[in-house]
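These are my notebook entries on one structure, set down in the order in which I looked things up.

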Amino acid sequence: MKAIKMTMSPGTPSSLTPPTQQQTKPAPSTAPIRTIPGGYGWPVLGPISDRLDYFWFQGPETFFRKRIEKHKSTVFRTNVPPTFPFFSGVNPNVVAVLDCKSFSHLFDMEIVEKKNVLVGDFMPSVKFTGDLRVCAYLDTSEPQHSKVKKFSMDILKRSSTIWVSTLTSNLDTMWDTLESKLSVSDSASYLVPIQKLIFSFFTRCLIGADLSASPEIAKSGYVMADLWLALQLLPTVKIGVLQPLEEIFLHSYAYPFALVSSGYKKLAKFVEEQGKEAVERGVTEFGLSREETIHNLVFILGFNAYGGASIFLPTLLAKIGTDKTGIQEKLREEVRAKTAGSTLSFDSVKDMELVQSFVYETLRLNPPVPLQYGRARKDFLLSSHDSVYEIKKGELLCGFQTLVMRDPNVFDDPEEFVSDRFTKQKGRELLSYLYWSNGPQTGSPSESNKQCPAKDYVTLTACLFVAYLFRRYDSITCNSSGAITAVVKAK
């Protein structure tokens, strides 16, 4: 069977599963009020000690796990990087919320605000975003948030007419390239090809721009985006290089925008010139200034879309290609049974229950954005599964999704990858606790919340990615280094 061109049925994406009651507000609790355990230590020394544990001695996951064990609580006080002494003005004190119930408070816009807390109390210089606070840094109470959020949702809606065909075209190119490399080599790395696919795909769908109009952006645009992203996030991300060099050179100070200014300006110019229609709509239909429109589009393209997908899609492919449980056969059977004699579309993957579940389970164990933050708008009571805690106005809450999504009170065998976890009625109910998108999977993005506007597009695109794979191949094998080692073409 040859790979078949995909077409999209009329309409725009909607949730993969039947809608259920949106659960963004934790249910009231009658549990006892408990003092939040933990602390921040001595000034300067406490935050530095926690920073070294977080990045060096323990790593993020162990850092949070050990403190859960120590305090016998999934809610506690601690410090998260970046910290003193070179980040003056950044307060590392947080209240960690590490179970599904306490974590859900981060999505209740009545009690938390999201102003300038995308990556915690630290905020990269606005020079990285055209001297503007783009939508990700705006709180829902700010008028510009509503304008930009509506604009971003409009972009997605309009792009639905070309989404599947553009994805297919780019997948054809990527897999043709990988097959060509495999014909002359024992392996072919898929990391750069996937990044090129993602950048080309989103540039066309979100910006309405054709990369062929700019040979420089076509060749190096994804690299410019990588560098721009890296310099903003380096103070907050564990890289895993030789210590103490990582602490000295990567986590001790914020990198200046000047190092990537040339690439960013080229990206912004490309968006302005080749995405004229989108820019014009932002100005005339949504009341944004030209500069606001351009720089929000660059952020949507480079940070939200390209940045997230560059983490998620390679993880998804690696999970398929290294699996030893026989899941490939089951996925292949479902894909071919559901699309026999037809083309792939948004609607067709909605009938693929196992494919959907596989995507959701990958998101559960490997959330593209591991940390979520929110600052208390007012004093309120925060509930975990077994206790209630008093939160004071202004305190910063921090949720580490990698652990939250392994809450044993919600998920059976939470450390295990269970490919069919989200199937059937019980599985659909669990979607209320899948928070990868800055809100529950059963939630709906709107201008009044901070949920990812592309929540449904992401999961649908991932399902299409998997379905395309098993229409083109009978099997695929990957190694742990991010390379394809074998493919068996569909018969």
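How do the axes of helix 11 and helix 17 cross, and within what distance do they come? I shall answer after a note on the source.

**Source.** I am working with a predicted model, in which local features need pLDDT of at least 70 and side-chain atom pairs count only at pLDDT 80 or more, while totals for chains, interfaces and linings use all residues. Residues are numbered from 1 along each chain as its sequence is written, and side-chain values use heavy atoms, with hydrogens and water left out.

**Entry 1: two helices.** I looked up helix 11, residues 290-321, and helix 17, residues 455-472. Helices (H or I, at least four residues) and strands (E, at least two) are DSSP runs, numbered from the N terminus. The two axes come within 11 Å and cross at roughly 40 degrees. Axes are lines fitted to C-alpha atoms, for helices over the stretch in contact, and angles run from 0 to 180 degrees between N-to-C directions. Helix 11 and helix 17 are therefore oblique to each other; angles under 35 degrees count as roughly parallel, over 145 as roughly antiparallel, 65 to 115 as roughly perpendicular, and the rest as oblique. The crossing of helix 11 with helix 17 is right-handed, a term used if the near helix is turned clockwise from the far one by less than a right angle.

I then noted which residues meet. From helix 11, Phe312, Leu313, Leu316, Leu317 and Ile320 meet Val458, Ala462, Phe465, Val466, Leu469 and Phe470 of helix 17. Contact here means heavy atoms within 4.5 Å. By class, this contact has eleven nonpolar, no polar and no charged residues. Ala, Val, Leu, Ile, Met, Phe, Trp, Tyr, Cys and Pro count as nonpolar, Asp, Glu, Lys and Arg as charged, and the others, Gly among them, as polar.

Entry 2: Three strands form an open sheet in the order 4-10-9, with antiparallel pairing. Its edge strands, each pairing on one side only, are strand 4 (188-189) and strand 9 (473-478). Strands pair if DSSP finds at least two bridges between them; five bridges join strand 9 to strand 10 (residues 483-489). I looked up one partner: Thr477 is bridged to Ala486 in strand 10. Both helices of the previous entry lie across strand 9 and strand 10: helix 11 runs at about 100 degrees to strand 9, and helix 17 at about 110 degrees.

**Entry 3: backbone exceptions.** Most residues other than glycine have a negative phi, and most peptide bonds are trans. I found a cis bond between Pro81 and Pro82, with omega about 0 degrees; Pro82 is in the loop between strand 1 (75-79) and strand 2 (93-97). Another cis bond joins Gln243 and Pro244, with omega about 10 degrees, and Pro244 lies in the loop between helix 7 (215-233) and helix 8 (245-249).

Asn116 has a positive phi of about 60 degrees, and Asp131 has a positive phi near 60 degrees. Asn116 is in the loop between strand 3 (112-113) and helix 4 (143-159), and Asp131 lies in the loop between strand 3 and helix 4. Are they exposed or partly exposed? Asn116 is partly exposed at 21% relative accessible area, whereas Asp131 is exposed at 52%. Buried means under 20%, exposed over 50%, and partly exposed in between (1.4 Å probe, protein chains only).
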